[in-house]
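Dear colleague,

Please find below the structure that I am handing over to you. My notes on what was found in it follow directly after.

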Amino acid sequence: MYCIEQRNEPRWKTIRHWIVRQINSGEWPETMKLPSIRALSRMFDTSVTTVQRALGDLESSCYIRAEPRTGYFVAAKTQAVPADETGFASVAVNVNHAVVAMLSRAGRLKSASLSSAVLHDDLIPHTLLKKCLSAVADRYDSLLTGFIPPPGLPDLRRRLAALMLTRGVVCGPDDILITSGDTIGLELALEAVAPQGGVVAIEMPTYYGMLQIIERLGMRALPIRTHPRTGMDVDHLEEALKHQQIAAIYLNPTLQNPQGFIMPDDARARLSRLAHTAGIPIIEDDIFFDLAPGKTRPRALKSLAAGSRTLYCSSFSKTIAPGYRVGWCVPGDYRDAILAQMFARNLSVSSLAQQVLNVFLERGYLERHSARLQDKLAAVRDYLDILVRTEFPEGSSYIPPAGGFIHWVLLPANTDMSTLASLAEQQGCHIAGSGIFFPDDRQNTAVRLCLGSALSPGMKLNLKILCACAHQATGSVASGADPMPSVGSRG
């Protein structure tokens, strides 16, 4: 049974409000089939008649549509959702304690972590990196051990300027700052454009690292409705601008973390024009770009109308070498402000790591390696898609991303997520709650799976274990049955 906050209203309205929230938050995307009437009645422990009344009202309000003998589906968006259903109030962020607890626990456990967003050892290009390291050693000079101050190694910045052309961004080496990973770049960017107490418009759900930054800098978050196929709702953002003074817009539009979507080009262009007209800076987190197959790769927001006020951040941490901690920022109008921060905080990056990655790009290894990654990760995605559709509890949903290794699986509303996490951990799999992706640490029944490895018997076993635990957490396992796969070698 699904336990919802009690309201002083008829039960059918409580069900209606819950379904509206699922749709407006993007958890239930356009054209998705709703759970059956009987499934909803079991979730809310109420009569079929009560559910039918809620669905009838939603249909008349154009939230859902009925198909005879098939069921109900989320309707295509035809008009802006009323403000009283979404709200335009900013919120204080409170996720840091939960994120620290999750990361600390994942680091201590010797089990399979499905919550760590890093490439596993089998997908890191060790052979190519060894060749680059050897080449750097052959060229040995003081640059290997000497201090390279911000903005970073000139040769690497020249190669990054060429790389940015493939993303639609025309810039020179002096426009690029080398950063210690992507998240540091995001922090520098946000601190440069928004004051303490400022309001940052964000996707919802969004990357927990940015939520930590907002919380640490004493800012507030304004969640913007986000669709799991198309990203930030520009209509909602435009309406929010009429109600709130927004200091910055943050988004991760390509293979978004945690939902995995790629924001369409037309939506990017409209958002950029909107921000340009309003004079609001955009912080574009593009860390997963190289994991998107070529035919799905969009133009960076940085290349559009608000380009000079768009701060572009990326990194090699998700594609080449997690431990090198080398990223870059193209800050546009905010270059001097960010560079001053870097000098003040002594934010230099390892000279050796910069030299190795410079050779990696010089030799053209990135495209070859990215293509291999895309193929390996696509096999994992296809396996998970089949598993969710055929073996996960009824009512589960999953939108396979075009690429990458971040997967957002929505489990049925009656899933006990604490039980799920506990059962999974007992079987050697660590998962994280979804609350860390929402500014107020709200909980729902989504789980982010980070599958940065090739498809293997060990990964299949871990996903089967998670599937069995999900059945137990929803109470959907037949009495006396033992659905749990036997735990063997995870390889």
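Helix H7 (residues 154-165) packs against helix H13 (residues 351-362) at an angle of about 40°, and their axes lie 9 Å apart. The two helices are therefore oblique to each other, and H7 passes H13 in a left-handed crossing. On the side of H7, the contact is made by Asp155, Leu156, Arg159 and Leu160, and on the side of H13 by Gln354, Leu357, Asn358, Leu361 and Glu362. Sorted by class, this contact has 4 nonpolar, 2 polar and 3 charged residues. Please note that the model is a predicted one.

With a relative accessibility of 9%, Ala135 counts as buried. Beyond its neighbours within four places in sequence, Ala135 is in contact with Val359 and Arg363. Ala135 and Gln355 are 220 residues apart in sequence, while their C-alpha atoms are 9.7 Å apart in space.

Salt bridges

The count of salt bridges comes to 17. Two of the pairs involve H7.

Arg158 counts as partly exposed at 46% relative accessibility. Asp155 is also partly exposed, its relative accessible area being 32%, and Asp155 is among the residues of H7 that make the contact with H13.

The second pair is Arg157 and Asp174, whose side chains meet in a salt bridge at 3.6 Å, N to O. Arg157 belongs to helix H7 and Asp174 to the loop between H7 and strand S5 (177-179), so the pair ties together parts that are 17 residues apart in sequence.

Elsewhere in the chain, the side chains of Lys464 and Glu391 meet in a salt bridge of 2.8 Å, N to O. Lys464 is in helix H16 (residues 457-474) and Glu391 in the loop between helix H14 (365-390) and strand S13 (397-398), so this pair ties together parts that are 73 residues apart in sequence. Lys464 counts as partly exposed at 29% relative accessibility, and Glu391 counts as partly exposed at 34%.

There is also a network of salt bridges, which links Glu187, Glu191, Arg216 and Arg345.

Buried parts

In helix H9 (residues 208-216), 7 of the 9 residues are buried, so the helix is largely enclosed by the rest of the structure. The buried residues of H9 are Tyr208, Gly209, Met210, Leu211, Gln212, Ile213 and Ile214. Just after H9, Gly218 takes a positive phi of about 70°.

Thr415 is found in the loop between strand S14 (406-410) and helix H15 (417-426). At 8% relative accessibility, Thr415 counts as buried. Its contacts, leaving aside neighbours within four places in sequence, are with Thr445, Ala473 and Thr474.

Backbone features

Most residues other than glycine have a negative phi, and most peptide bonds are trans. The following places depart from that pattern.

The peptide bond from Met204 to Pro205 is cis, with omega near 0°. Pro205 is placed in the loop between strand S6 (199-204) and H9. A cis peptide bond also joins Asn257 and Pro258, where omega is about 25°. Pro258 lies in the loop between strand S9 (248-251) and helix H11 (265-278).

Thr31, although not a glycine, has a positive phi of about 75°. Thr31 lies in the loop between helix H1 (11-24) and helix H2 (37-44) and is partly exposed, with a relative accessible area of 46%. Asn346, likewise a residue other than glycine, has a positive phi near 55°. The position of Asn346 is in the loop between helix H12 (335-344) and H13, and at 53% relative accessibility Asn346 counts as exposed.

With kind regards

Methods
Residues are numbered from 1 along each chain as its sequence is written. This is a predicted model: local features need pLDDT of at least 70, side-chain atom pairs count only at pLDDT 80 or more; totals for chains, interfaces and linings use all residues. Side-chain values use heavy atoms; hydrogens and water are left out. Axes are lines fitted to C-alpha atoms, for helices over the stretch in contact, and angles run from 0 to 180 degrees between N-to-C directions. Helices (H or I, at least four residues) and strands (E, at least two) are DSSP runs, numbered from the N terminus. Angles under 35 degrees count as roughly parallel, over 145 as roughly antiparallel, 65 to 115 as roughly perpendicular and the rest as oblique. A crossing is left-handed if the near helix is turned anticlockwise from the far one by less than a right angle, and right-handed if clockwise. Contact means heavy atoms within 4.5 Å. Ala, Val, Leu, Ile, Met, Phe, Trp, Tyr, Cys and Pro count as nonpolar, Asp, Glu, Lys and Arg as charged, and the others, Gly among them, as polar. Buried means under 20% relative accessible area, exposed over 50%, partly exposed in between (1.4 Å probe, protein chains only). A salt bridge is a side-chain nitrogen of Lys or Arg within 4 Å of a carboxyl oxygen of Asp or Glu.
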